[in-house]
Amino acid sequence: MASTGQRSIGILGGGLAGLALAALLAQVGHAVTLYEAGALGGKLGQLEVGGLTFSTGPSLFTFPGVWRRYLTALGEADSLDLQPFPAGLGLHHTPFGSVPLPVPPDHLLAGEWARYVNLVRPLRPHVETLLTTPPRLSDPAFVQASAALGQVLAGHLTAQRWTDAQRFSPLLAHAIQTHALNAGLGPQDAPALYALLPALIADEVSRPARGMGALLNELIRFCRDRGVWLRSHTPVTQLDAARATVRLGSETVRHDLIVSALDPARRAELSGRAVRRGPRTVSGLAIYAAFADAVLLPATSVVAPTNFADFRAATRSTALPPDTLALVHAEERKLALLLTVPASGQQLSLNDAWVRGQIERTERVLGVPGLLDSALDVRALGPAYYAALGTPGGSIYGAAQPFWRAGPFHPQPYRVSGKLWQVGTAVHPGGGIPAILGGALIVRKLIQRR
Ligand SMILES: Cc1cc2nc3c(=O)[nH]c(=O)nc-3n(C[C@H](O)[C@H](O)[C@H](O)COP(=O)(O)OP(=O)(O)OC[C@H]3O[C@@H](n4cnc5c(N)ncnc54)[C@H](O)[C@@H]3O)c2cc1C
């Protein structure tokens, strides 16, 4: 497998980003070692609650076309058996009423939804290109895809501005703007691209038949099959980027190149540099509950914040908002409830008054008061847990970029210095699995060109 140009590459962090890139680099003949402080998978893990196994972290698999491009680069067949999520993005509850996304043909808003989808959906292949192509003006594919996106965005820079310009009814506008939170920001700050997401993903949002853990297992298998040395439970304690050297406690290892799949703040700490503190995208409190009987709720419900201005003011000052976004998944005896919270790194417990209040609000809106109290067992992972994985404040998508620096269509600092590259959530605002996989493809291409 070794070829001319083969290099020794060390990857810092064994979340989805580090693993995805490790397999790609090993595929083209590099000798790859991956260092992971804990168990492989990072935010995608497993939790036992009341005798049931929950996948933690990501729940929705979107842009399957990006996954297929990733598999093509590896020469692998798709064994994830992606299954459409029942009822797509779910039933959205807003202050103006409730609406399922995608909007079904017999719904009052079906005409508006069709106008939105007809305008946006032709962009899907272009957005996939932007997610997987180095953002270089010398690349015709990048230029063509950016131009197509620019035409639909029509000069509107934020998600709120773009939705306002479409003159949707308040109900559909609120439901769409809620998805700007996929960027970890309110719609006033999120790039306009995020207002296009429901139209781009609603009809193909899915999950592997064997659960999200199957994605992690596949990435690990791809790495092992290509000879990647996966060093889990091996924290990097120091990084010398100029020499491409890592310290692992008393052991020192030198590589030709290092790729960091860590948050830049964590990486800076390891290099002994001052950590730049800027605004962060939101964190989450993920609540996992096991019940004695099947939970009688739709597969996915979204309870939107009442007022995005209040939400923005609170999360910007890392205060708890008056009411927040709740994403609820129900599957047989399992219930997962994700509350969006500021990236404060704080330890939130189920008994905190604010948390109790948000649970009660969600139960009230869904018409199931007292549901969580009837669970056999409940566990929660919050900002402190996510912060321990290495993102300051437990922010899900890393630093909050201003809208003109966010999204997949602006130049990202993939190469930090001569021998140091970066991949993962930190360089792909809006994060998520497609950005992680697409980012790995981009970095692999850029490293190969050197
Ligand atoms: C609650 C929640 C829900 C989400 N929902 C979705 C969803 O529905 N769909 C979607 O696409 N995405 C979703 N996401 C986002 C998605 O999970 C992330 O974008 C993705 O998992 C990030 O992967 P990563 O490899 O960049 O980072 P991480 O998973 O954070 O990996 C970083 C790794 O680095 C390791 N590390 C840290 N310090 C060191 C060190 N010094 N030495 C070695 N290793 C170190 C950590 O232990 C960790 O394993 C969700 C995230 C959360 C938290």
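This is a friendly conversation about how some descriptions of this predicted model are reached.

User: What makes the radius of gyration of the chain agree with that of a compact globule?

Analyst: For 450 residues, a compact globule would have a radius of gyration near 22 Å, and the chain has 21 Å, so the two agree. Along the principal axes, the C-alpha atoms fill a box of roughly 60 × 50 × 45 Å. Of the 450 residues, 52% count as buried. Residues 24 or more positions apart make up 72% of the contacts with a separation of 6 or more.

User: Which secondary structure elements and domains does the chain hold?

Analyst: The chain has 14 helices and 20 strands. It is divided into domain 1 (8–45 + 63–78 + 211–278 + 402–449), domain 2 (95–204) and domain 3 (283–342 + 348–381). The centres of domain 1 and domain 3, taken over C-alpha atoms, are separated by 31 Å.

User: Why is the ligand said to lie between domain 1 and domain 3?

Analyst: Both domain 1 and domain 3 give residues to the shell around the ligand, so the ligand lies between them. That shell has 38 residues, and the closest are Gly13, Gly15, Gly42, Gly424 and Gly432. Two or more residues each come from helix 1 (16–27), helix 10 (264–270), strand 14 (283–290) and helix 14 (432–449).

User: What is the division of the shell residues into nonpolar, polar and charged?

Analyst: The shell around the ligand has 20 nonpolar residues, 15 polar ones and three charged ones.

User: How do you know that the span of helix 1 is close to the one expected?

Analyst: Helix 1 has 12 residues, and from its first C-alpha to its last it reaches 17 Å. At 1.5 Å a residue, 16 Å is expected, and the value for helix 1 is close to that. Just after helix 1 comes Gly29, with a positive phi of about 100 degrees.

User: What makes helix 4 largely enclosed?

Analyst: Helix 4 (residues 124–132) has nine residues and seven of them are buried, so it is largely enclosed by the rest of the structure. The buried residues are His126, Val127, Glu128, Thr129, Leu130, Leu131 and Thr132. They pack against helix 2, helix 5 (140–153), helix 8 (197–201) and helix 14.

User: Is Phe63 buried or exposed, and how do you know?

Analyst: Phe63 has 24 other C-beta atoms within 10 Å; the cut-off is 20 or more, so Phe63 is buried. It lies in the loop between strand 4 (52–56) and helix 2. Phi of Phe63 is near 45 degrees, a positive value in a residue other than glycine.

User: Why is Glu332 called exposed?

Analyst: Glu332 has 10 C-beta neighbours inside 10 Å, and a residue with 12 or fewer counts as exposed, so Glu332 is exposed. Glu332 is found in the loop between strand 16 (326–331) and strand 17 (334–341). Its phi is near 50 degrees, again a positive value in a residue other than glycine.

User: Why is Glu76 called partly exposed?

Analyst: Glu76 has 15 other C-beta atoms within 10 Å, a count between the cut-offs of 12 and 20, so Glu76 is partly exposed. This residue lies in the loop between helix 2 and strand 5 (82–84). Leaving out residues up to four places away in sequence, Glu76 touches Leu71 and Phe222. Glu76 and Phe222 are 146 residues apart in sequence, yet 8.6 Å apart in space, C-alpha to C-alpha.

User: What makes Pro100 count as buried?

Analyst: Pro100, in strand 7, has 21 C-beta neighbours inside 10 Å; the cut-off is 20 or more, so Pro100 counts as buried. Apart from residues up to four places away in sequence, Pro100 touches Ala87, Gly90 and Leu91.

User: Where is Pro102, and what kind of peptide bond joins Leu101 and Pro102?

Analyst: Pro102 is found in the loop between strand 7 (97–101) and helix 3 (110–120). The peptide bond joining Leu101 and Pro102 is cis, with omega about 0 degrees.

How values were computed. Residues numbered from 1 in each chain as written. Predicted model: local features only at pLDDT ≥ 70, side-chain atom pairs only at ≥ 80, totals over all residues. Domains from an automatic or database assignment. Near = placed C-beta within 6 Å. Helix = DSSP H or I, 4+ residues; strand = E, 2+ residues; numbered from the N terminus. Nonpolar A, V, L, I, M, F, W, Y, C, P; charged D, E, K, R; others polar. Expected span 1.5 Å × (residues − 1). Rg over C-alpha atoms; globule rule 2.2 N^0.38 Å. Contact = placed C-beta atoms within 7 Å.
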